[in-house]
Amino acid sequence: MTTKIYIVYYSMYGHVEKLAEEIKKGALSVEGVEAKMWQVPETLPEEVLNKMGAPPKSDVPIISPNELAEADGIVFGFPTRFGMMAAQFKAFLDATGGLWRAQQLAGKPAGIFYSTGSQGGGQETTPLTAITQLAHHGMLFVPIGYTFGAGMFEMENVKGGSPYGAGTFAGDGSRFPTELELEQAFHQGKYFATIARKLKESF
């Protein structure tokens, strides 16, 4: 029995995508798990993205809302805008009304990971406010808690993430995830996939 994990994200500058890659690796380290990365559609015109200095998108496929129903578990990733998820990701979730009406995501495990520009920029408010989306779909939120161990208590170096999920700080855009932040993302993928597999096998 294969457990299918989708890592669905939006990344403007590549920080969230870096975390997504490690989450996928972590999920694939669990026996009996398939993991696939998906991007949500961009809502900004190319001209605006160019002015913002955003690099070209990677070749990770774009997901449609209805494809979410195919997954046994979904990890959602997004950057922060004023302490909440970016509008591009919110627009994608706003298009899942059909899935909500049919309750096609109810009972599926879901995780969250994210990027913020600064230490006070929403490392906790971003995932906290995103949980409302999961609750309305009846999804089962799977936080990492403190299962990452000593890495959760790092105080000597700047480290993103929280009990809600893996995270990183983008700063002015030049800072990319550190080794510890990537390790936390790998841990989240492995931990989430283990939970999702147990849930699927129990039914």
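1. In this predicted model, Q88 touches Y10, M12, V40, P41, E42, T43 and L44 once residues up to four places away in sequence are set aside. Q88 sits in helix α3, and a polar contact of 3.1 Å links the side chain of Q88 to that of E42. With a relative accessible area of 5%, Q88 counts as buried, because that value falls under the 20% cut-off.

2. The neighbouring position in sequence, F89, touches V8, Y9, Y10, V40, F76, G77 and F78, again leaving out residues up to four places away in sequence. F89 is also one of the residues with the most contacts inside the largest nonpolar core, a group of 27 residues in which V8, I63, L68, I74 and F76 are listed alongside it. At least two residues of this core come from each of β1 (3–9), β3 (73–81), α3 (87–94), β5 (109–116) and α5 (125–137). Another core, of 22 residues, lies apart from it and includes I23, A35, A185 and A193.

3. The largest pocket has a volume of about 300 Å³, and among its 15 lining residues M152, E154, M155, K159 and G161 are the closest to its centre. Its lining divides into 6 nonpolar, 6 polar and 3 charged residues.

4. The second largest pocket holds about 220 Å³ of space and is lined by 17 residues, with Y13, H15, P79, R81 and A170 nearest its centre. Two or more lining residues come from each of α1 (15–28), β3 and β5, and β3 provides the largest share, 3 residues. By class, the lining of this second pocket comprises 6 nonpolar, 9 polar and 2 charged residues.

Definitions and conventions:
Residues are numbered from 1 along each chain as its sequence is written. This is a predicted model: local features need pLDDT of at least 70, side-chain atom pairs count only at pLDDT 80 or more; totals for chains, interfaces and linings use all residues. Side-chain values use heavy atoms; hydrogens and water are left out. A nonpolar core is a set of buried Ala, Val, Leu, Ile, Met, Phe, Trp, Tyr and Cys residues joined through side-chain atoms within 4.5 Å. Buried means under 20% relative accessible area, exposed over 50%, partly exposed in between (1.4 Å probe, protein chains only). Helices (H or I, at least four residues) and strands (E, at least two) are DSSP runs, numbered from the N terminus. Contact means heavy atoms within 4.5 Å. A polar contact is a pair of N or O atoms within 3.5 Å; within protein, one must be able to donate a hydrogen and the other to accept it, and residues adjacent in sequence count only if both atoms are side-chain atoms. On a 1 Å grid over the protein atoms alone, a cavity is a set of points where a 1.4 Å probe fits but cannot get out, and a pocket is an open set with protein on both sides within 12 Å along at least five of seven lines; lining residues have an atom within 4 Å of a point. Grid points are joined across faces, edges and corners, and a volume is the space filled by probe spheres set on the points. Ala, Val, Leu, Ile, Met, Phe, Trp, Tyr, Cys and Pro count as nonpolar, Asp, Glu, Lys and Arg as charged, and the others, Gly among them, as polar.
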